[in-house]
Every structure is written in C-alpha cells, then in structure tokens.
Amino acid sequence: MLTEQQIHDALSQLKLSQLDTDLISAKALKKTDIDGNKVILTIKLGFPMGDYQQELEREVCEYLNAQFPEIEAQAKVSWRVESHAHPAKVQAMPDIKNIIAVASGKGGVGKSTTSVNLALALSHLGANVGILDADIYGPSIPIMLGLQGKHPESTDKKTLLPVENHGLQSMSIGYLVKPEQAMVWRGPMASGALQQLINDTQWRALDYLIIDLPPGTGDIQLTMAQKIPVTAAVVVTTPQDIALADARKAVTMFNKVSVPVLGVVENMAMHTCSNCGHQEHIFGAGGGDKLAQEIGVELLGSLPLALSIREQADNGEPTVIADPASAESHLYLDIAQRIAAKLSLQEKEFRADFPTITIDNT
C-alpha cells in the first residue's frame with residue numbers, strides 16, 4: 001500500500017517553475033490524505049497565483065498519476081500572502097505585509113514603467129497592492145496611473161487617504177504639488193518628505209507595497225533602506241554596459257543595508273520593428289543575465305523595447321491594464337509572480353497576538 005512518505009519523496013523531485021524548488025522544500029504541502037487508491041493533497045502557497053493555481057493542481061495530479069498509476073490524485077491548492085522579516089529590524093507597519101523596493105542605478109531604464117506594471121500585475125493575480133512614488137524631484141506615478149491633477153483626501157487633517165485607480169492604492173508628492181512646481185529641496189528635506197508620504201498615508205491591508213525609487217544611491221535610497229521596513233528589492237536595468245555598471249552600485253547599496261535583492265529585471269532587451277518584424281538588440285544582448293550571475297541572483301525576466309508600453313503608460317493606462325492579453329502583459333505577470341514566489345520563501349515575520357489581561361479586584 002502506498003505510504004505518505006512515498007508521496008512526499010516523489011513530490012520532492014517535482015521542481016515548480018515559479019518557486020524554483022519543490023513543494024516539500026517550500027513547506028507548501030500541508031496535508032496528505034490517503035484513502036485506498038485516492039490521494040488528496042492540501043497545498044498552500046505564500047504568493048498570489050492567478051491562473052497558476054489551476055495549472056499547479058493539474059501539474060501535481062498528472063505527475064503523481066504518472067509516478068503511481070494505481071492511484072487517483074487530487075490537489076487542493078490555495079494561497080495566502082504572509083508578512084516577511086525585514087533584515088534592518090525597523091518597526092513593521094501594521095497595514096503593510098511586505099514592502100518591495102524597485103531600484104535602478106541610473107535613470108532612463110524604464111524603472112517607473114516597470115514598477116507600475118509589476119504592481120498592477122500583482123493586483124491582477126489577486127493581491128492587495130499599493131505603490132509609493134519615492135521620486136520627490138520627478139514624480140511620474142500620477143501620470144502613469146491616469147491620476148494627474150488628483151489630490152488625496154484626509155479624514156482627520158493629519159493623515160492622507162491613498163489615491164486609487166486600476167485597483168491600486170497610490171501616493172506621490174505629485175498629488176500634493178503643482179505639476180510645474182520644482183522641488184528645490186536638499187537631501188534631508190526630500191528624505192523627510194518620503195518618510196511622511198509612507199507613514200502618514202492610511203494604507204489599507206496591503207499584501208505588497210511597491211516603492212518606486214528614484215535612480216541612484218543617495219539620501220532618499222538610504223533613508224528608505226534604513227528607516228522603512230523594506231522586505232526586499234528588485235533591480236531594473238537595460239542590457240547596456242553603462243546601465244549595468246550603475247545597477248551593480250544599487251545592488252551593493254542594498255547589500256550594505258542588509259536588504260535582500262530578489263533578482264534583476266532586464267528592460268528594453270529587444271526591439272521588434274513594427275514594419276518589417278526585424279528584431280534587434282539596440283542596447284546590447286545578455287547584459288541582464290550576466291549581471292544576475294555576477295551578483296548571484298535570478299534574472300526574473302526580460303522585457304522588450306516596445307512603443308506600446310511607453311504610449312500606454314503616458315496615457316494613464318499601463319500595459320497590464322490597457323492590453324492584458326498581450327505578450328508584454330504576460331511577461332509582467334510572470335515576473336511579478338516570480339518576485340512574489342521568491343519572497344514567499346524568505347523568513348516570515350513573527351507578529352505575536354498578545355492576550356488582553358483584565359484585572360478584577362472583586
């Protein structure tokens with residue numbers, strides 16, 4: 001008769017594409033019920049799954065049925081995003097489970113467009129998501145979310161309600177100042193403004209807060225890493241040598257402040273001519289993969305240099321919203337799920353629910 005251990009041994013050899021590991025190592029198999037020739041598996045993962053939920057159920061069942069033809073396998077897959085530890089040991093924010101910083105060493109690599117589409121992709125997969133525009137000097141999130149000219153409301157005159165569109169909660173200095181107003185602030189003032197934006201916003205039950213960082217490794221980046229409970233980071237680069245050199249600096253900064261880097265996203269990797277279909281590596285080839293190998297992280301995915309991505313972001317409807325069935329949207333969804341899956345394997349944060357103690361003198 002088939003045993004539970006045999007089932008576990010078999011599943012330990014099934015490597016999942018999104019997790020890059022197996023169900024047993026990921027501690028995702030919660031229960032195994034064996035009743036004659038029926039095997040029912042209860043699987044719970046820590047990241048939003050979208051369509052991958054049904055795919056995984058089918059994959060696990062087909063795999064077990066191939067390994068043990070005599071059984072009838074059934075998989076019940078669910079997911080729940082947990083809070084994960086932030087190495088800097090900054091006090092956690094009660095309404096935000098995980099904060100993911102999206103960074104680049106230099107400007108012009110499409111980091112903000114990537115940040116917005118990844119946030120929308122996580123939301124599309126089923127997570128509750130917010131995005132913070134940390135670029136005090138050049139905010140762009142209001143434009144990309146179609147919220148230019150909008151202002152946040154306040155119910156208590158002390159805190160701000162996030163501005164919402166496309167299912168995302170968002171906050172940006174761009175909601176608080178006129179578009180033509182230049183922020184002539186020194187580093188400490190900008191850093192203080194960033195802390196206020198995140199701490200004084202009434203975020204509501206977020207699974208993920210994506211922070212779109214400005215380029216570079218200055219005051220704002222250090223403030224974010226040292227005073228905000230950042231769970232992990234993602235670095236965006238183009239294949240160009242200059243961009244790769246600056247991306248390495250961003251990775252070095254995160255390493256110094258003990259923020260784990262989940263991986264590298266290579267943007268503008270390939271351009272396809274809209275007239276003839278010719279494909280060309282305008283900014284070079286293989287740079288993102290080379291950088292990922294050098295710093296010992298995963299290349300989370302490569303995104304094309306496409307006119308539609310730029311136009312859709314400028315029009316306030318990023319690709320994942322404007323054309324969800326497109327190849328580009330599927331790339332964003334796959335990268336977002338890989339980010340969430342890798343984060344789910346990190347150490348969880350312990351948040352104790354202390355009992356209420358009542359003293360009765362009677």
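This briefing covers the overall build, salt bridges, surface charge, backbone angles and selected positions of one protein model.

The model is predicted: local features need pLDDT of at least 70, side-chain atom pairs count only at pLDDT 80 or more, and totals for chains, interfaces and linings use all residues. Residues are numbered from 1 along each chain as its sequence is written, and side-chain values use heavy atoms, with hydrogens and water left out. The protein contains 11 helices and 15 strands. Helices (H or I, at least four residues) and strands (E, at least two) are DSSP runs, numbered from the N terminus.

**Overall build**

- The C-alpha trace spans about 85 × 75 × 35 Å along the principal axes of the protein.
- Of the 362 residues, 50% are buried. Buried means under 20% relative accessible area, exposed means over 50%, and partly exposed lies in between (1.4 Å probe, protein chains only).
- Accessible areas come from the Shrake-Rupley method with a 1.4 Å probe, and for residues only the protein chains shown count as cover.

**Salt bridges**

- The whole structure holds 12 salt bridges, each defined as a side-chain nitrogen of Lys or Arg within 4 Å of a carboxyl oxygen of Asp or Glu.
- K31 pairs with D33 in a salt bridge, with 3.8 Å between the closest N and O atoms. K31 counts as partly exposed because its relative accessible area is 46%, and D33 is partly exposed at 31%.
- K249 and D246 form a salt bridge whose closest N and O atoms are 3.5 Å apart. These two residues are separated by about one helical turn, because they are 3 residues apart in helix α7 (residues 241-256).
- In that pair, K249 is exposed, with 51% relative accessible area, whereas D246 is buried at 15%.
- D334 and R338 meet through their side chains in a salt bridge of 3.1 Å, N to O. Both residues lie in helix α11 (residues 327-344), 4 residues apart, about one turn of the helix.
- D334 is partly exposed, at 29% relative accessible area.
- A network of salt bridges links E298, D334, R338 and K342.

**Positive surface patch**

- A patch of positive charge on the surface is formed by K27, K30, K44 and K348.
- Patches are made of residues with over 30% relative accessible area and no salt bridge; like charges are joined within 9 Å, and nonpolar side chains (Val, Leu, Ile, Met, Phe, Trp, Tyr) within 5 Å.
- Lys and Arg count as positive and Asp and Glu as negative, while His and the chain ends are not counted. The place of a charge is taken as NZ of Lys, CZ of Arg, CG of Asp or CD of Glu.
- K30, one of the patch residues, sits in strand β3 (residues 29-35). K30 counts as exposed because its relative accessibility is 51%.

**Positive phi angles**

- Most residues other than glycine have a negative phi.
- K157 is not a glycine, yet has a positive phi of about 65°. K157 belongs to the loop between α4 (141-144) and β8 (163-165) and is exposed, at 78% relative accessible area.
- H166, also a residue other than glycine, has a positive phi near 55°. H166 is placed in the loop between β8 and β9 (168-172) and is partly exposed at 22% relative accessibility.

**Selected positions and separations**

- V81 is in the loop between β5 (72-79) and β6 (96-103), and counts as buried because its relative accessibility is 2%. V81 and K158 are 77 residues apart along the chain, with 30 Å between their C-alpha atoms.
- I99 is part of strand β6 and is buried at 3% relative accessibility. I99 and S172 are 73 residues apart along the chain, and their C-alpha atoms are separated by 16 Å.
- H271 lies in strand β13 (residues 271-272) and is partly exposed, with 27% relative accessible area. H271 and F283 are 12 residues apart in sequence and 9.3 Å apart in space, C-alpha to C-alpha.
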